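Hello,

Here is the structure I promised to pass on.

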Amino acid sequence: MINKYIAVAVIILAIVCGLLLNSSKQNPIPLDQQTSTPHSKKYSGEKYVARYSYKRVDDQKAVLMTSNILHATSLEEESSAQFRGALITLFGQPQRTSKDLEEAYGYIIKATNSTGQSWILTAYEGPGGPAIGGDTEKDSITEVAQDLLNLIEATKPANFEAEGYYEDTGSTIHYGCKDQVCFYRESTTEQYAPDE
């Protein structure tokens, strides 16, 4: 019985230590803590200074070795719109788009540090929602991906509207941002045929 209490105490201590360590990581604007209004999310306007420089690249071969590193949003659906709007602000319109929200859009981004070392990242919306990807075999890629995510979360979203569907649920999604307030509306009244 005493061993059971010790095990529970060790688990609780590990959770508390993990929370304390994670709170020391820089993540300036958790999307779920931004000012929100009913059915919308307003960009908070806080600043973030990125540790790397980022630019859009158009070489499709660059993404061959990339895979998911970070899921990019909170549980609130409006954060999907904020993520896409911020990417438009930073890098322009996506390099690829689809009405199928399991592959809604994608960007190829090159990150470079002050010594000239570079990494290829992807920013996209896929089956798990908005995410950052990269070559997981490359040193420091998770740190670079987190920095890009921090920059995206701290970037004012551009005005945009998009509509798409989830074929498996029959849901149609209309989402976007206007004047820094992002929205996400779901309905099951319309059906889309898959892109051809």
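Tyr-105 has a relative accessibility of 0%, so Tyr-105 counts as buried (buried means under 20% relative accessible area, exposed over 50%, and partly exposed in between, with a 1.4 Å probe and protein chains only). Tyr-107 is buried too, with a relative accessible area of 1%. Together with Phe-91, Tyr-105 and Tyr-107 form one aromatic cluster. For aromatic pairs, the rings of Phe, Tyr and Trp (its six-membered ring) must have centres within 6.5 Å; planes under 30 degrees apart are called stacked, over 60 edge-to-face, and the rest tilted.

Before going further, a note on provenance: this is a predicted model, in which local features need pLDDT of at least 70 and side-chain atom pairs count only at pLDDT 80 or more, while totals for chains, interfaces and linings use all residues. Residues are numbered from 1 along each chain as its sequence is written, and side-chain values use heavy atoms, with hydrogens and water left out.

Back to the rings. The structure holds five aromatic pairs. In one of them, Tyr-52 and Trp-119 have ring centres 5.4 Å apart and planes at 80°, so the pair is edge-to-face. Tyr-52 sits in the loop between β2 (40-42) and β3 while Trp-119 belongs to strand β7, so this pair ties together parts that are 67 residues apart in sequence. Tyr-52 and Trp-119 are both buried. The pair of Tyr-105 and Tyr-107 is edge-to-face as well, at 6.2 Å centre to centre and 75° between the planes.

As for the overall layout, the chain has three helices and eleven strands (DSSP runs numbered from the N terminus: helices are H or I with at least four residues, strands are E with at least two). Their order from the N terminus is α-β-β-β-β-α-β-β-β-β-α-β-β-β. Of the 196 residues, 41% count as buried. Taking contacts (heavy atoms within 4.5 Å) between residues at least 6 apart in sequence, 59% join residues at least 24 apart.

Ten of the 13 residues of α3 are buried, among them Ile-141, Val-144, Ala-145 and Leu-148. Their cover includes β3 (53-56), β4, α2, β6, β7 and β8 (129-134). On geometry, 13 residues at 1.5 Å a residue should span 18 Å, and the end C-alpha atoms of α3 are 18 Å apart, which agrees (the expected span is 1.5 Å times one less than the number of residues).

Leu-121 links several of these parts: not counting residues up to four places away in sequence, Leu-121 touches residues including Tyr-54, Tyr-107, Ile-132, Ile-141, Val-144 and Leu-148. The bridge partner of Leu-121 in β8 is Gly-134. β7 and β8 run antiparallel and are joined by six bridges (strands pair if DSSP finds at least two bridges between them), and the hairpin from β7 to β8 passes through two residues. Six of the six residues of β8 are buried, so β8 is largely enclosed by the rest of the structure.

β9 and β10 form another antiparallel pair, over seven bridges, in which Tyr-166 stands opposite Ser-171. Their hairpin has four residues between the strands, and Gly-170 there takes a positive phi near 75°. Five of the seven residues of β9 are buried, so β9 is largely enclosed by the rest of the structure.

Finally, the sulfurs. The count comes to one disulfide (a pair of cysteine sulfur atoms within 2.5 Å). Cys-177 and Cys-182 form this disulfide, with their sulfur atoms 2.1 Å apart. The torsion about the S-S bond is about 95°, so the disulfide is right-handed. Cys-177 is buried at a relative accessible area of 2%, and Cys-182 is buried at 1% relative accessibility.

Best wishes
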